[in-house]
Each structure stands twice: as structure tokens, then as C-alpha cells.
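Please keep the sequence and the structure in view while reading.

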Amino acid sequence: MSDTPFGFGLPPEEPEDGDEGKKKDQQSGGGQGPANPFGFGGLPGAGGFGGPGADNPLAAMFGSLNPTDLGAAFQQLGQMLSYEGGPVNWEMAKQIARQTVSQGTPDGTKDASVGAAERTAVEEAVRLADLWLDDATSLPSGAGSAVAWSRAEWVEATLPAWQELVDPVAERVGAAMGDVLPEEMQAMAGPLIGMMRSMGGAMFGTQIGQAVGVLAGEVVGSTDIGLPLGPAGKAALLPVNVEAFGKDLGVPKEEVRLYLALREAAHQRLFAHVPWLRSHLFGAVDGYARGIKVDTAKLEDVVGQFDPQNPEQLQDALQQGMFQPEDTPEQKAALARLETALALVEGWVDAVVHAAAKPRLASADALRETLRRRRATGGPAEQTFATLIGLELRPRRLRDASRLWASLTDARGVDGRDALWSHPDMLPTASDLDDPDGFVHREQLDFSELDKMLGEAAGGGSTQKPNLKKDDASQDDDKGDGTE
């Protein structure tokens, strides 16, 4: 932690010219004598933000920090940062995201309203994708409707999910802002903590808005990062981004749209018919977030340099990162659970979509590899989000998980493979991704039998042990596709 957090400083040594030097220093408002023990600069009224102390924004706001000025300073700051909501100023985040979207992407692509023809094309692609998926998975359609979004509409539709993801981390930062206050400020910590929380809300609102706005220029649907960001039951594609995605692939745009619709529709089936999956994934993110520690020294620097006339500097400062995962067994386990869960979701989608597309689309292999590389490397917005909460939402073991799901299809058939989603304890673990053959042929607990036994026990029936079913590797389902 720095010696002068938030720009507070100790009184300097006596000036060389004695009492005359003290007089000059106090008249200029730039001194740090006994009347100004915390190191703040000139009075708020003495030249405003452009006058003395302008190189220290907090000095310009707080002045000499005597009891009279303190109340005025807090009132002034309260007017500037009037936000009183949760840990993130989401209204600010939405505004910044919309502004970022309106500026367009680096390649010059601008957002545009979706026309009737594009909406019809998306609806037809999702409808056909669902028909193809019926042969590749036992899970029924999860898309009650298909929608075509502009980038701005994607921002509006996904903000509630971002709030659920980011608020736990932002809460930690709000608490950290109070923890790093210097001891000499504890007596007045109440109003100052409130100020810090408002600043924290503005900081996160600025950064999240920027990240979501940039990500809106990259995503092609509502499930690109492996999490259900949009409303349940809505399969969504962004026509302007779909076109940009397929621009240099040499693949007909209809095939690109259909392949991406397959991925979106497959995600929708999984999240609609595995009711515990969404909370499992978001809970894994929250569990990881609880183990993140805040770099309080960097936080002090950000707050100490805060300039209300230049909020963009908060974004620049946060992009340098202030979150570090705790190097503990619990945190490593939380990270492993999250990475495995994301890999299993994306691996299942990859395997199912490949099984559906391979016999029907000549470009299936090329599009599959393009999507795999895209998810493996991520884009600048994903990196921004990783910096913001210290977490990369990328399935590092996508290929391993896809191979395992394909092997399960060969060994157990489509129904046997998809039955594993009936309970989280039946899913493969990280070690299973290392030994897929061992998992494929392992005895599996029949949870339906267990539920039946528990029901009979509750009703006074027999309490015999549930069966352990060994899956028959010879049960091949002609709907399976083990192609890698």
C-alpha cells in the first residue's frame, strides 16, 4: 500500500524562509501546513478546477479541509456523484455502451436497425436449425421465438445478465474502498465511504459500459461466451455481425447464418431443458469472484487521481487491472469448476452442431474450426472483461470436451449422452477430460432409480440399494457422430 493513499500527505518540513515562507504557502492555498494536515490543495472557490491545485483534482474539490469547507466539499461532490444505487451505476453503463455502439467497430462497420428481410432470414435459419438438431440431440427445442437484434438491442437485452455477473465483484471493490481509508480519516469515514462507493459505481459503470459496447460489435448471438445472456427462450442473431463474421471466409452467407443459428439453437436447448445449468454457471462465476482480492494500492492510485472532468481516465486505469485471484486451493478449485463447466457446455454444443451440420453443409468443417479458434483466442472486449473481474470466460478445454461428448455419443448413443445433463453430479470432471475413455465406460449411477428408491422409502417401501448401471458400449445409436 502506498504511503499517501488517495493523495493524502503528511505536513512538509519547515520552509527555508521561516514564518514568511509559511505565510506565503498558506496564502497560495498550495501548502500543507498544520491547517491542512491531509495534503489537499487550494480551496474549492480559489480558481475552481482550473486554478491552484488543478493538478490534484481532489485538492480542487476539498480545499483546505477545515470543518467549514468539508461540508461544502461533500455537498459539491454529492451533487457531482448523485448515484445512490448498487455497486455499479448501470444507467451510466448503458449510456456508455450505447455510445460505444454508435461509434462503430474499428473496421468501420456501423450499427443499423434490422430490416424485415433480415428478421425473416434469421427466423427461417433458426427454424431450419431446430429441425436439423432434432436428429443430433434428445433435448427438444428451447427457442420459443427467433429474433434479429441490432447491436444496440443486444446491449439492452443482455445488461441484466451482466449485472448478475459483475455485481459480486463490484461489491468487493466497494468494501475495499472503505478498507483503504487512512486512519486519520476514520472519524469522517461515513460520508467519505459513501463518496467512494459512488465513485466506484461510476468507475464500474464506465468500464462495463465500454466492454459491453465493444463486445456488441463482436458477438453474433446471445450465447457467444457460453452463458445465457439474453432472455430465456429467445434465439437471437445479430445480422450485421453475422455478415462481418463471414466476410472473408469464402463461405456463402446463407451457410454462415445457418451454422451460427445451429449454435444458438443448440445453446437454447441446453439452457431451456437443463434447469439447474444457468444457476450452476453463474454460481461458479460468483464462487470465483468471492476469492478475488483487490489490489488496494492500485485502487488508491485510481481514486487519488480521479478527475471529475475526465472520467475516461478511470477506464484507462482499470484496464491495467486491479484484481488478483487468491492463490489458495479453494480458489484454484473454483476456477477449475468454472472452466470445466464452460468447456462442457461449449464442447457439447460443438459436438451436437457438428453432428447436425456435417452431413448437410459443405462448409461445416471450416466454420467449426473458425468458431473454435475464435473462442480460444477471444477478442479485445473479452480481454477487457477479464481485466475487469480477473476472469477470462473462455473454455480452455473446448476440444477435449468436444472429443469426450463425441465418444459418449458413439458409446451410449444420443439419449445416453444427453442423459448426463439430468444432474450436475453425473457430468464429467476436469480429470475426466484427461481420461475420456475411462469416463465413457465407467459405471454410472442411475439417478432416476435413486429417486424412485427415495420415494418408496418415504412411503414406507423397501430401502434396497439403487442399481448401478454399466453402460453398454455396444449400444450404438445411428444418430451419433464421433467425428472430431
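How far does helix α10 reach from its first C-alpha to its last? In this predicted model, helix α10 covers residues 277–290, and its 14 residues reach 20 Å from the first C-alpha to the last, close to the 20 Å expected at 1.5 Å a residue.

**The chain as a whole**
- The protein chain has 19 helices and 6 strands, and 49% of its 484 residues are buried.
- Among the contacts in the protein chain with a separation of 6 or more, 76% are between residues 24 or more positions apart.
- The protein chain exposes about 22,100 Å², and carbon and sulfur atoms supply 50% of that area.

**The largest pocket**
- The largest pocket has a volume of about 490 Å³ and is lined by 24 residues, of which T105, P106, D107, G217 and E218 lie nearest its centre.
- Sorted by class, the lining of the largest pocket has 8 nonpolar, 10 polar and 6 charged residues.
- Helices α4 (90–102), α7 (189–216), α8 (239–245) and α14 (364–377) each supply at least two residues of this lining, and the largest share, 4 residues, comes from α7.

- Within α10, the buried residues are L277, L281, F282, A284, V285, G287, Y288 and A289.
- As a general point, an α-helix has 3.6 residues a turn, so residues three or four places apart point the same way.
- Helix α13, which covers residues 329–357, has 29 residues and reaches 41 Å from its first C-alpha to its last, close to the 42 Å expected at 1.5 Å a residue.
- Helix α13 is mostly covered, with 21 of its 29 residues buried.

**Residues in helices that supply the pocket lining**
- Q95 lies in helix α4, one of the helices that supply at least two residues of the lining of the largest pocket.
- Q95 counts as partly exposed because its relative accessibility is 42%, a value that falls between the 20% limit for buried and the 50% limit for exposed.
- The C-alpha atoms of Q95 and T206 are separated by 9.0 Å, although the two residues are 111 residues apart along the chain.
- V240 has its place in helix α8, another of the helices that supply at least two residues of that lining.
- Leaving aside residues up to four places away in sequence, V240 touches T109, K110, D111 and R151.
- V240 and A112 are 128 residues apart in sequence, and the distance between them in space is 7.6 Å, C-alpha to C-alpha.

**A buried residue and a partly exposed one**
- Is L237 buried or exposed? L237, found in strand β2 (residues 234–237), counts as buried because its relative accessibility is 1%, and buried means under 20%.
- L237 touches V122, V147, A148, W149, V220, G221, V242, R257, L260, A261 and E264, with residues up to four places away in sequence not counted.
- One of these contacts of L237 is A261, which is 24 residues away along the chain and has its C-alpha atom separated by 7.2 Å from that of L237.
- E171 lies in helix α6, which covers residues 151–179, and counts as partly exposed because its relative accessibility is 44%.
- E171 and V88 are 83 residues apart in sequence and 8.5 Å apart in space, C-alpha to C-alpha.

Terms used. Residues numbered from 1 in each chain as written. Predicted model: local features only at pLDDT ≥ 70, side-chain atom pairs only at ≥ 80, totals over all residues. Heavy atoms only, no water. Buried < 20%, exposed > 50% of the residue type's maximum accessible area, 1.4 Å probe, protein only. Contact = heavy atoms within 4.5 Å. Areas by Shrake-Rupley, 256 points an atom, 1.4 Å probe, with all protein chains shown as cover. 1 Å grid on protein atoms, 1.4 Å probe; cavity = no way out; pocket = protein on both sides within 12 Å on 5 of 7 lines; lining within 4 Å. Points joined across faces, edges and corners; volume = space filled by probe spheres on them. Nonpolar A, V, L, I, M, F, W, Y, C, P; charged D, E, K, R; others polar. Expected span 1.5 Å × (residues − 1).
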